[in-house]
Structures are given as C-alpha cells and as structure tokens.
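I opened a new structure today and kept notes. Here is what I looked up.

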Amino acid sequence: MNYLSVADVAKKWNISERSVRNYCSKGRIEGAFLTGKTWNIPENAKKPERMNKRKEKPKTLLAILQEEKARLYN
C-alpha cells in the first residue's frame with residue numbers, strides 16, 4: 001500500500017495541512033499512522049465529513065416555530 005504525506009493529501013482534498021493533521025490526530029482518517037513526527041496517510045483514504053455540517057433548514061413556518069419553542073423550554 002502506498003502512503004501520502006500531509007502536504008500531498010492537503011492538495012488532493014483542497015484543505016489546509018493543519019486540517020489534515022487534525023483529522024489524523026483525532027483518528028478520523030482510517031489507516032493513518034505516525035512515523036516519528038510524520039503522518040503516513042493511505043492514498044485511498046477518504047476525506048471525513050465535517051462534524052459541524054449545517055443541518056437542513058426547516059421549510060415551514062410551523063417547523064421553525066416548533067424548533068424555537070423547543071430551544072426556549074429546554
């Protein structure tokens with residue numbers, strides 16, 4: 001299996017190197033491991049989904065009001 005560096009993966013996924021290193025350290029990239037201070041990432045690794053990805057917005061006024069009410073009373 002071939003492994004890529006953090007810089008190579010950052011270019012491939014079009015994100016910063018810091019984000020790639022963070023994904024690796026949090027264990028969100030399967031098969032990534034450290035050798036000294038260098039992360040080795042499998043070339044077939046997939047970019048993890050964002051944790052704070054926005055939810056779909058409510059489509060009706062009723063749904064919006066129900067969400068607001070739930071936030072107020074919880």
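I took a nonpolar core to be a set of buried Ala, Val, Leu, Ile, Met, Phe, Trp, Tyr and Cys residues joined through side-chain atoms within 4.5 Å. Buried means under 20% relative accessible area, with a 1.4 Å probe and protein chains only. The model is predicted, so I noted that local features need pLDDT of at least 70, side-chain atom pairs count only at pLDDT 80 or more, and totals for chains, interfaces and linings use all residues. Residues are numbered from 1 along each chain as its sequence is written, and side-chain values use heavy atoms, without hydrogens and water.

Core. I found 11 residues in the largest nonpolar core: Val6, Val9, Ala10, Trp13, Val20, Tyr23, Cys24, Ile29, Trp39, Ile41 and Ala45. Helix H1 (6-13), helix H2 (17-25) and strand E3 (38-42) each give two or more residues to this core. Helices (H or I, at least four residues) and strands (E, at least two) are DSSP runs, numbered from the N terminus. H1 gives the largest share, four residues.

Helix H1. I checked which residues of H1 are buried. They are Val6, Val9, Ala10 and Trp13. They sit on the same side of H1, because they cover an arc of only 105° around the axis. That arc is taken from the directions from the helix axis to the C-beta atoms. Their cover includes E1, H2 and E3; contact means heavy atoms within 4.5 Å.

Sheet. I saw three strands in an open, antiparallel sheet, ordered E1-E3-E2. Two strands pair if DSSP finds at least two bridges between them. Two bridges join E1 to E3. Tyr3 stands opposite Pro42 in E3.

Terms used: Buried means under 20% relative accessible area, exposed over 50%, partly exposed in between (1.4 Å probe, protein chains only).
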